[in-house]
Amino acid sequence: MISTVVIIFCLLIVVHAIQALASARGGDLSKGAKFDVVIVGGGITGLASAVALIHREKIAPERICILEQSRKLRPVGATIGLFPNGVCALESMSQELAEEICTTGISYCGIIRHTLEPLTSTETTTTRSVRTVETLDSSDAETIGRGTYTVAWYLLQEKLFERIPEKVIRFGRVLENVRFHTKDDNNNNSNYPISVIYRDRDTKQQSEVNCKVLIGADGIKSTIRNLLFPN
């Protein structure tokens with residue numbers, strides 16, 4: 001009797017763990033699920049695209065899907081610089097978001113860019129000073145009406161993530177292929193002409209979703225870029 005109770009208790013724990021994992025991963029996707037927009041990549045670009053579509057373009061969150069190969073967001077990356085035009089871009093998505101980033105980040109009124117031109121035959125790296133090629137001063141910020149900030153990469157990612165509903169992003173989904181359908185194809189997805197094939201990192205199962213628009217935001221080693229422009 002006791003062993004039976006223990007087994008049932010253990011099964012309940014396993015079920016709860018599986019449900020928690022599914023929730024953290026953004027929930028399951030039915031095969032052939034249809035979205036207006038599929039975004040591949042849950043970094044800053046992918047999340048910013050989703051935030052802009054939801055908050056500025058007023059697209060319903062359930063019509064958007066982000067496929068991210070990582071199992072969860074992690075505090076990685078260094079700091080990045082946000083110039084006045086970048087702050088304006090954040091404000092166009094969410095005024096509250098821009099204010100949080102500007103409050104959290106470090107503000108500075110000027111930046112000096114340097115470059116090392118090729119050394120002449122009489123110069124060495126110790127005798128030749130670095131040459132200043134461009135200076136951004138506070139007058140630029142005053143003209144645009146925004147300042148310049150540095151902020152941790154992961155913090156910006158986290159703040160963007162907080163502004164999309166939980167199930168918009170699906171973690172642990174690795175892109176494998178993309179197919180584009182034409183009107184002549186014999187399929188029922190004429191209104192959703194793009195099929196995105198992905199693999200679940202945990203179950204290893206392959207599946208696909210269909211969409212009207214596909215946004216490739218999967219980084220410098222972009223799978224989408226390699227698929228569209230293999231050379």
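Angles under 35 degrees count as roughly parallel, over 145 as roughly antiparallel, 65 to 115 as roughly perpendicular, and the rest as oblique. Axes are lines fitted to C-alpha atoms, for helices over the stretch in contact, and angles run from 0 to 180 degrees between N-to-C directions. The model is predicted: local features need pLDDT of at least 70, side-chain atom pairs count only at pLDDT 80 or more, and totals for chains, interfaces and linings use all residues. Residues are numbered from 1 along each chain as its sequence is written, and side-chain values use heavy atoms, with hydrogens and water left out.

**Whole chain**

Start with a cartoon of the protein chain, which has 7 helices and 11 strands. Helices (H or I, at least four residues) and strands (E, at least two) are DSSP runs, numbered from the N terminus. Of the 231 residues in the protein chain, 35% are buried. Buried means under 20% relative accessible area, exposed over 50%, and partly exposed in between (1.4 Å probe, protein chains only). Among contacts in the protein chain with a separation of 6 or more, 69% are between residues 24 or more positions apart; a contact means heavy atoms within 4.5 Å.

**Helices α3 and α4**

Select residues 84-93 (α3) and 95-104 (α4). These two helices pack at an angle of about 140°, with their axes 5 Å apart, and α3 and α4 are therefore oblique to each other. Show side chains: from α3, Val 87, Leu 90, Glu 91 and Met 93 meet Gln 95, Leu 97, Ala 98, Ile 101 and Cys 102 of α4. The residues of this contact divide into 7 nonpolar, 1 polar and 1 charged. Here Ala, Val, Leu, Ile, Met, Phe, Trp, Tyr, Cys and Pro count as nonpolar, Asp, Glu, Lys and Arg as charged, and the others, Gly among them, as polar.

Stay on α3 and pick Asn 85. With 58% relative accessibility, Asn 85 counts as exposed. Asn 85 and Thr 148 are 63 residues apart in sequence, and their C-alpha atoms are 9.0 Å apart in space.

**Helix α6**

Next select residues 153-161, helix α6, where Leu 155, Leu 156, Gln 157, Lys 159 and Leu 160 are buried. The elements covering these buried residues include α2, β3 (79-82), α3, α4 and β7 (148-152).

Two strands pair if DSSP finds at least two bridges between them.

Which residues of β2 are buried on each side? Select residues 64-68: 5 of the 5 residues of β2 are buried, so the strand is largely enclosed by the rest of the structure. Ile 64, Ile 66 and Glu 68 lie on one side, and Cys 65 and Leu 67 on the other.

Ile 66 stands opposite Ile 169, and Leu 67 has Arg 170 as its bridge partner.

Then take β1 (residues 33-40), which pairs with β2 in the parallel sense over 4 bridges. Val 38 has Cys 65 as its bridge partner, and Val 40 stands opposite Leu 67. Between β1 and β2 the chain passes through helix α2 (residues 44-55), and this β-α-β crossover is right-handed. That term means that, with the strands pointing away from the viewer, the path from the first strand over the helix to the second runs clockwise.

In β1, 6 of the 8 residues are buried, so β1 is largely enclosed by the rest of the structure. β1 also pairs with β11 in the parallel sense, over 7 bridges; the partner of Phe 35 there is Cys 211.

**Two loop lysines**

Finish with two loops. Most residues other than glycine have a negative phi. Lys 58, in the loop between α2 and β2, has a positive phi near 60°. Lys 58 is exposed, at 65% relative accessible area. Lys 204, in the loop between β10 (194-200) and β11, has a positive phi near 65°. Lys 204 is exposed, at 55% relative accessible area.
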